[in-house]
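Biologist: Could you walk me through this one? I'd like to start with the helices and then go to the metals.

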Amino acid sequence: MTAPTQSPPSGVGDPSGQKAARSFVVAMNSAIRAVRLYPVENAAVQKAIAELGSSAERVREGEGSCALRRVGDFLFVNDTRLRLTFDNYAAVASLLGMFREAGIGGIGLFDKPLPRAWVVLLSFLQSPPLEYPEEERLAQLSARLETAQVHDFELFPASDEQDEPESDLDSKEKARQTYVRSLDVTREVITSARLGRSPGLKRVKRAVQGIVDSILTDSASMMGLTTLRDFDEYTFVHSVNVCILAVALGRRLGLSKIQLLDLGLAALLHDIGKSRIPLELLNKRGQLDSDDRLILQQHTWQGVLAMFALPTGGVRPWRSMTAAYEHHMRTDLSGYPKVSRPRKLSLFSKVIAVADGFDAATTTRVYQDSPWTPADVVRGMRDNPRLGLDPVVVKAFINLTGIYPVGTVVVLDTFELAIVLASNPDETALSRPIIRILMDDRGNLLDDATPLDLTVRAANGQFARTIIRTEDPQRYGINIGDYFA
Ligand SMILES: [Fe+2]
Ligand SMILES: [Fe+2]
């Protein structure tokens with residue numbers, strides 16, 4: 001192979017470079033998960049490592065070298081900034097977080113590492129020497145690799161470089177970038193609180209600012225991202241989703257931008273008390289017994305304590321603390337923690353309770369096979385007073401999402417199957433969202449991405465299409481995320 005005469009292509013313009021870079025990053029993340037979940041000799045680990053090796057090799061063949069770096073909130077493979085797409089942004093967020101925890105700025109490959117070398121590297125990276133301060137972890141990790149006789153990698157120091165200018169990102173990609181940054185920041189806050197460290201609020205506030213700006217400029221893209229579900233990262237993904245939903249809801253309720261920033265912060269941190277709950281309990285699948293539940297319920301007041309520990313320069317985030325304390329209390333105070341005196345919940349607590357209830361119920365659905373569609377959840381919030389949600393806030397939420405929230409799969413009176421892309425900009429058309437047809441009336445899959453507005457009428461003056469019921473996407477093997485890429 002001849003040496004390249006020019007510097008390798010940069011930015012996002014090179015499709016083949018992007019493709020190789022993307023598969024390398026996705027393979028890296030899958031391999032890390034495999035190493036974390038299974039013993040090394042497991043076939044799943046072997047397969048993931050082989051895939052990682054060959055995707056790294058493809059990058060090296062194309063560009064002469066292979067290095068993965070974190071610059072600000074972006075990942076670069078060599079000089080190519082990775083484009084975020086729906087299938088890779090959870091991977092990008094978790095790699096960004098891993099690099100930060102490991103105190104490194106990236107990894108370079110010297111040669112073609114053998115599978116053993118990859119396994120050693122990934123095992124070390126996913127259990128970084130957290131007992132050392134961040135600036136010493138790189139040296140610690142390098143020494144460990146040396147001791148394990150792995151010489152195929154170079155670990156780069158973390159860089160303080162500023163973020164790339166984001167002007168060349170389109171609004172969808174900007175929304176995804178904001179989401180990834182928020183996920184990363186939430187992980188940082190919760191994991192460092194768990195380790196007894198206190199991260200500053202500055203980065204958190206910046207992430208919230210990004211969410212508020214996105215909601216104010218392109219709320220449809222941002223709302224679409226809340227259909228992301230990830231069990232492994234549940235607490236972080238949930239916190240970001242609740243933040244987005246709460247900010248969008250606050251906007252509907254007429255809050256000012258400053259109030260939205262405050263509300264967004266409270267929403268992002270509403271479950272920070274979970275950093276003080278044992279991980280085994282948080283990750284427990286299946287039924288919880290009553291002792292488990294009592295411990296889990298402590299995350300409300302533990303959240304207040306966790307926020308007292310944040311270095312905030314003397315200004316306590318009082319409203320965030322109140323919301324952490326009250327978000328499971330219910331308006332009739334039948335929830336937890338139990339209080340003996342009558343009290344009125346703060347507006348932020350009521351808003352966050354609705355956003356929280358919605359995201360938690362729609363997520364449960366995905367992981368516990370409960371038959372609730374997002375539309376059922378919304379209806380339950382409206383009709384079941386025992387949930388203790390504020391009726392005015394629920395009404396505003398229905399105004400926001402419509403009766404069929406983003407990501408709902410619906411059957412039309414034309415017997416077509418469709419997915420809800422966004423609520424209708426016409427606020428009176430609650431049952432007529434913007435949809436995309438997935439299957440024709442004979443069950444043939446369609447690949448037509450054209451959004452359809454259900455308020456559109458046919459020549460005879462009747463509505464062209466009307467939703468007749470909701471459907472369980474799993475019945476049709478539909479992956480909701482695919483439609484929000
Ligand atoms: Fe909670
Ligand atoms: Fe929550």
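Biologist: At what angle do the axes of helix H3 and helix H5 cross?

Modeller: Before that, a caveat: this is a predicted model, where local features need pLDDT of at least 70, side-chain atom pairs count only at pLDDT 80 or more, and totals for chains, interfaces and linings use all residues. Residues are numbered from 1 along each chain as written, chains are lettered from A and ligands numbered from 1 in written order, and side-chain values use heavy atoms, without hydrogens and water. Helices here are DSSP runs (H or I, at least four residues), numbered from the N terminus, and axes are lines fitted to C-alpha atoms over the stretch in contact, with angles from 0 to 180 degrees between N-to-C directions. The axes of H3 (residues 89-102) and H5 (residues 134-147) come within 7 Å and cross at roughly 90°.

Biologist: Which residues of H5 does H3 meet?

Modeller: Contact means heavy atoms within 4.5 Å. From H3, Arg-100, Glu-101 and Ala-102 take part, and in H5 they meet Glu-134, Arg-137, Leu-138 and Leu-141.

Biologist: Now the metals. Which residue bridges the iron ion (ligand 2) and the iron ion (ligand 1)?

Modeller: Donors are N, O and S atoms within 2.8 Å of the metal (3.2 Å for Na, K and Ca); water is not among the atoms, so sites may look incomplete. Ligand 2 is coordinated by His-238 (NE2), His-270 (NE2), Asp-271 (OD) and Asp-356 (OD), at 2.2 to 2.3 Å. The two iron ions lie 3.4 Å apart, and the bridge is Asp-271.

Biologist: Is Asp-271 buried or exposed?

Modeller: Buried means under 20% relative accessible area, exposed over 50%, partly exposed in between (1.4 Å probe, protein chains only). With a relative accessible area of 2%, Asp-271 is buried.

Terms used
Helix = DSSP H or I, 4+ residues; strand = E, 2+ residues; numbered from the N terminus.
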